Structure formats: C-alpha cells, structure tokens
Amino acid sequence: MRGLTKGFGGRTVLAGLDLEVTAGEVVSLVGPNGVGKSTALRCIVGSDTPDEGEALLGEHRLDMRQPQARRAVCAVLGDFGVLPDLTVAEHLDLLARAHGVDDPPSVVDGALDEARIHHVADQVPSTLSSGQAQRFALATAMVRPWALLLADEPEQRLDDAGREWLGDWLAGHAEAGRAVLLASHDPQVVRRSGARVVTLAGDV
C-alpha cells in the first residue's frame, strides 16, 4: 500500500497509509473504531475507491477484476454473498470448483473439519448460529488457493476456543509462506497469530 487515503463526508478516515505485507507473515491493523482499519482493507480489494494512493500486488496495481489477482487474493470481509438454497457444503464445493482446485470433495471435507462445522454441512447458511456463520466465512478461504488473505475482524462471534484456533490457523498459513493482513480488536488472536502489529490512530 502506497499513500492510501480515503475520506467520507469531508472527513479523512485513512490518511496516507504506507504498508508492505510480505510472504510468510501476519500483519494486524489495530486501533479504535473509526481509524480506518476496515476502510484500508476495502480500498485494497476495490470495494472502496481510495481518494489517493494505490495497492500493489508485487509490481503491479492490484485489480480484483483481473483473474491473476482473484487467484492470489482472498478476502473475508464479512459481507460475502450466499445463495439461499445452497447448503454450507454446496457453497464450499462451488467455490472450490470455481477456483479449479484438485479433488473438490476432499478439499471441502477438509475445510469442514478444519473449521469444525462438519455437523452443519447440510444446513443452509440462514440457519447457522453467529459463531457457525463466522466459521463458514473462514472456511471459504480454505477451499481455494491464495497467496494473500485479507480478513476484517475474523474473530467476531467466535468464543475463546474459536479465537485460539483462529490465531493458530493464521500463524500456520504464515509458516507455509502465505501472507495475511487482518484488522482485529482481539489481542489474543493477534498474539497467537504472531502478527506484526500496525497501529492506526486516525481522527477519532
């Protein structure tokens, strides 16, 4: 990220953010509400358009309309759409096939186990508890390849055991050579993931 700046209604929320996230590390944006953590993630993927600055993937501007960017970047930002008539397992299978993974049934089965939601695999998303829905959102990142994961408060609605699991899961991806950038309010997740902390202090 180079000089990412974004304002709303005449108020600057994100002011000139410069940040590099490299393979093999977790980076956590921390700070109180309103300092631009979620805005930064949305500007990176293009759901918000920065007023100034840019996000780069390697040497090139990151553009999620490009297939190579969609293969490389996975975003779990809390607003992914679901098809109301598809079960949890069917959603994950569709994602796996859309991203061309080998042996989608095995990949989906592994994601259900890893996210600990195998028992709700045949339910539609609208019937899930808030914690199960959050694990389902994280499972969408388990059925597709990616080099960079963007996650906005992925600890939301998880209990203590779930936050411990999440921190370890994020750390494992860094150890495998992937990059993770998250916004988080939870010191436990930040600590267990081994994240490098970047504190944002906007005009709040």
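## Lining of the largest pocket

In this predicted model, the lining of the largest pocket is made up of 14 nonpolar residues, two polar and three charged, where Ala, Val, Leu, Ile, Met, Phe, Trp, Tyr, Cys and Pro count as nonpolar, Asp, Glu, Lys and Arg as charged, and the others, Gly among them, as polar. The pocket holds about 480 Å³ of space, and of its 19 lining residues, those closest to the centre are Glu20, Val21, Leu56, Leu57 and Gly58. At least two lining residues come from each of strand 5 (56–57), strand 8 (148–152) and strand 9 (179–183).

A pocket here is an open set of points on a 1 Å grid over the protein atoms alone, where a 1.4 Å probe fits and protein lies on both sides within 12 Å along at least five of seven lines, and lining residues have an atom within 4 Å of a point. Points are joined across faces, edges and corners, and the volume is the space filled by probe spheres set on them.

## Two residues with positive phi

Most residues other than glycine have a negative phi. Aspartate 103, in the loop between helix 3 (88–98) and helix 4 (104–114), has a positive phi of about 55 degrees, and glutamate 153, in the loop between strand 8 and helix 6 (160–175), has one of about 45 degrees. Helices (H or I, at least four residues) and strands (E, at least two) are DSSP runs, numbered from the N terminus.

Aspartate 103 is partly exposed, at 44% relative accessible area, whereas glutamate 153 is buried, at 17%; buried means under 20%, exposed over 50% and partly exposed in between, with a 1.4 Å probe and protein chains only.

## Basis of the values

Residues are numbered from 1 along each chain as its sequence is written, and side-chain values use heavy atoms, with hydrogens and water left out. Local features need pLDDT of at least 70 and side-chain atom pairs count only at pLDDT 80 or more, while totals for chains, interfaces and linings use all residues.
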